[in-house]
Amino acid sequence: MVEAFEVSGVPFNPDGWGPPDCAITTTSTSNLPLNVPFAPFSRSEKLGRIADWTRTFNNPSRSKNPSDAVFDFSNDDSFLGNADDDSTFRLVDGKPPPRPKFGPKWRFQQQRQLPHRRDEEVEAKKREAEKERARRDRQYNMNRSNVNMPRREAAVFKSSVDIQPEWNMLDQILFSTFSKLSFTVPEPEDLLFCGALETYDRTVDRITPKNERRLERFKNRNFFRVTTSDDPVIRRLAKEDKATVFTTDTILSTLMCAPRSVYSWDIVVTRVGNKLFFDKRDGSQLDFLTVHETSQEPLPESKDDINSAHLLGLEAAYINQNFSQQVLVRDGNKVTFDEPNPFANEGEEVASVAYRYRRWKLDSEVSLVARCEVQSVMEVNNQRSFLTLNALNEFDPKYSGVDWRQKLETQRGAVLANELKNNANKLAKWTAQALLAGADMMKLGYVSRVHPRDHFNHVILAVNGYKPKEFSSQINLNQASMWGIVKAIVDLCMKLKEGKYVLNHYRRTSKLNPLLKMARVQSQMLLLLMWRITRLKLKLKRVSFDTCTFAGNET
């Protein structure tokens, strides 16, 4: 059985706080010594009086907080034996650690939490330093190779057409005059739908750089690049007096995006009666695509170099047409329209394309008909949606500064922004063509070489989809400004007499303001053009870019 715990007696002090001076000892406390002050036995043990609010302190070295004084017994006369210990006592350094002189504290914590962010910044700085060092080396070598040769400040471009001395120069237009033009057109009217379309393959949207897909070659499918005057449907519409101006979406988008263009191009304008025909020459630059047109770094000027502007344009056209057929469901099922492909022979295998002839009303007397193209169709919410298919191509990361295989998965927006800087005109033309065709979606593919020195084999790294109207606002492409340029050129050409004219875009260097030159061709060329328009047999421009053709070798 546990013994009961007895509580000892507590003496009562009627004169104040604490135990009395002369406590009456009881039997339970008789063994305690008398007159022993209540004090801590060691400094580590904070034993002592609980509190004494009657004491004052005048020691300036002590804390200024009055609430600490009631617990301070260092000056108490009851503990004189502790004076020697206080003289030898040394306080450990209690100063706060010094704060960093640069940047707030959270920056260092963030770097400790995200070390990969710091590594990316270091790598980016290394790449920038390497590019700057390479640029200085190129400048040094160029100046060292020929001291007497003047330093080239900008790339020099050649005109796409040789203006003959017998041609009469009619006008020169600065593109700066187009900056404030604006014109709003009503919704277009569909006149005719021709061709057949295959369904878009949605599985290609899941392609990633880690799951790349080899680009196939479609040599058996025919692709047509027919100019306006050789189109039998346009000739029929002109005969029925359906419009005043006739053109194609390729030519129209070139005019709309003319202020963004750098390379030279030309358009043949023909006035026949009260009608205008905008044509392109056979083998014109409009049949091909430009690469790094708006880049600050010039491409090699040698045509034998696989990275020259000429061979890159052929390679881009080859990639674009093969990509537009590979992303389709090739099961034999096609969506047909009012009429078949107007340029294909019976039994001929043609690419998936539909021609949409649309009419815009420019004013009460002038209307424009354009042949627009869409490459695919798909069902979205039980509704038919038309798509345009185009591909961007990467040839060497050293020129672009961004490696697609490393950045497409994590920084796809940065890759697109870099392409908008280097290929602003090409992307604007693709967007304008999608808007003209009334496409619901434009698909952009990212196609790269297997190796930077191998321009025959390519892989698809990714495919993105954009709505044309939203994408046009992102790239600052205003439809009112586009139609303002077209309206100004149409009004200028409607004032001309009957004949054939060449509209040439040309600027000698990349730093000069571009010009549009209007020249009149001699009358015998007018007879030739009128014969081409009225003849019965078509002269088709069939383009097929195989590996031998775009590489510049003999077939």
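Trainee: In what order do the five strands of the open sheet come?

Mentor: Keep in mind that this is a predicted model, where local features need pLDDT of at least 70, side-chain atom pairs count only at pLDDT 80 or more, and totals for chains, interfaces and linings use all residues. Residues are numbered from 1 along each chain as its sequence is written, and side-chain values use heavy atoms, leaving out hydrogens and water.

Now, the order is β3-β14-β13-β12-β11, and the pairing is mixed. Strands here are DSSP E runs of at least two residues, helices are H or I runs of at least four, and both are numbered from the N terminus. Two strands pair if DSSP finds at least two bridges between them. In general, strands of a sheet pair through backbone hydrogen bonds, either parallel or antiparallel.

At the edges sit β3 (213-214) and β11 (376-380), each pairing on one side only. Let's follow β3: two bridges join it to β14 (residues 454-466), and the two strands run antiparallel.

Next come the helices. Helix α7 (residues 309-326) packs on the sheet, touching β3, β12 (383-394), β13 (441-451) and β14; contact means heavy atoms within 4.5 Å. The direction of α7 makes about 145 degrees with that of β12. Such angles run from 0 to 180 degrees between N-to-C directions, with axes fitted to C-alpha atoms, for helices over the stretch in contact. Helix α11 (residues 424-437) lies across β12 and β13, running at about 170 degrees to β12.
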